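Student: I have a model open and want to go through it piece by piece. Can we start with the overall layout and work inward?

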Amino acid sequence: ILFVQVLWVHLLCGWAFGSELTFELPDNAKQCFYEDITVGTKCTLEFQVVTGGHYDVDCRLEDADGTVLYKEMKKQYDSFTFTAAKNGTYKFCFSNEFSTFTHKTVYFDFQVGEDPPLFPNENRVTALTQMESACVSIHEALKSVIDYQTHFRLREGQGRSRAEDLNTRVAFWSIGEAFILLVVSISQVVLLRSFFSDRKTTTTRVGS
C-alpha cells in the first residue's frame, strides 16, 4: 500500500518554514497537529486525501484562542491561506470520525511565512544583474516543478489505490462467478442423471 509509512519533512530556512506530512488516519479517529506562529505571519494549509473510502475527510483550523479559522466537512482536497492575527500555538485537525470501517491516507502541506529572498540584497532599489535575474527565475521555476511533482505523486498514489481496489473487486467477483458456475453445473448433472436412473418399484400382493 502506497504511503503506509509516515513521512515527515520539516524545512527550516531563515524565517520561513513548512511542514509536509503523509499519514494514515484510521476509522473513527481524529489527528491534530500544532504549530507556533507569530502575529502577522502568512500561512497556507493545503491537504488532500490520497486513499480510502470516498477520499474525503473533515478538516478544522483554530488559532491560539480556539477561534475557528477554517472548517470543512468531507473534503477531498482544499487549500486555505490566512494571516496570523495573534501569537500562539495554532491547531489544525483531520477527522475520520464519520467513517465506521474505512482507513484514510491524508497528505498535508502547512507553509508558515514566506520564502526569504534568494539574494540578501534582492529587495534593493537598483535592478538585479542579468545573472541574478536568471537565478531568481530558475529558483521560482524549480519551486513550481517541486509543487507539480508533489501533486503528480499524490495523483499517482490515488490512481494506484483505485486500481488495486478495482482489481480486488474483480478478483472476488470472478471467484464468486466461478463458484456459482460450478454449483449450477453439478446441479444440472445430478438432475439429468435422475431422469435416466432406474427406479425401484414395490409390488404389494393382496391375498384373497
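Predicted model: local features only at pLDDT ≥ 70, side-chain atom pairs only at ≥ 80, totals over all residues.

Student: Now the open sheet. What is the strand order?

Tutor: The order is S3-S8-S5-S6, an open sheet of 4 strands with antiparallel pairing. S3 and strand S6 (68-75) are the edge strands, each pairing on one side only. From one strand to the next the twist averages 10°.

Student: Over how many bridges do S3 and S8 pair?

Tutor: S3 and S8 pair over 8 bridges, in the antiparallel sense. Gln31, for example, has Phe94 of S8 as its bridge partner.

Student: Then S5 and S8: how many bridges?

Tutor: S5 and S8 pair over 5 bridges, also antiparallel. Leu61 has Phe92 in S8 as its bridge partner, and Arg60 has Cys93 in S8.

Student: Which way do neighbouring side chains point in a strand, one face of the sheet or both?

Tutor: In a regular strand they alternate between the two faces of the sheet.

Student: On to the core. Which residues touch the most other members of the largest nonpolar core?

Tutor: That core has 25 residues, and those touching the most other members are Phe23, Ile37, Phe82, Phe92, Phe94, Phe108 and Phe110. Two or more residues each come from S2, strand S3 (30-37), strand S4 (42-51), strand S5 (57-62), strand S7 (77-83), strand S8 (88-95) and S9.

Student: Lots of Phe there. How many aromatic pairs does the structure hold?

Tutor: It holds 14 aromatic pairs. In one of them, Phe23 and Phe108 sit edge-to-face, 6.2 Å centre to centre with 70° between the planes. Phe23 belongs to strand S2 (residues 16-25) and Phe108 to strand S9 (residues 104-112), so this pair ties together parts that are 85 residues apart in sequence.

Student: Are Phe23 and Phe108 buried or exposed?

Tutor: Both are buried. Ring pairs also link Phe23 and Phe108 into a cluster with Phe33, Phe47, Phe92, Phe94 and Phe110.

Student: Why does Ala84 count as buried?

Tutor: Because its relative accessibility is 3%, and the cut-off for buried is under 20%. The C-alpha atoms of Ala84 and Cys43 are separated by 7.4 Å, although the two residues are 41 residues apart along the chain.

Student: Last item, helix H1. What span should its 67 residues have?

Tutor: At 1.5 Å a residue, helix H1 (residues 130-196) should span 99 Å. Its end C-alpha atoms are 97 Å apart, which agrees with that expectation.

Student: Which residues of H1 are buried?

Tutor: They are Glu132, Val136, Thr150, Leu154, Gly157, Gln158 and Ser161.

Student: And what sits over the ring of Tyr55?

Tutor: The charged end of Arg162 does, 4.5 Å from the ring centre.

Conventions:
Residues numbered from 1 in each chain as written. Heavy atoms only, no water. Expected span 1.5 Å × (residues − 1). Buried < 20%, exposed > 50% of the residue type's maximum accessible area, 1.4 Å probe, protein only. Phe/Tyr/Trp six-rings, centres within 6.5 Å; stacked < 30°, edge-to-face > 60°. Lys NZ or Arg CZ within 6 Å of the ring centre and 35° of its normal. Core = buried A, V, L, I, M, F, W, Y, C linked by side-chain atoms within 4.5 Å. Pairing = 2+ DSSP bridges. Axes fitted to C-alpha atoms, helices over the stretch in contact; angles between N-to-C directions.
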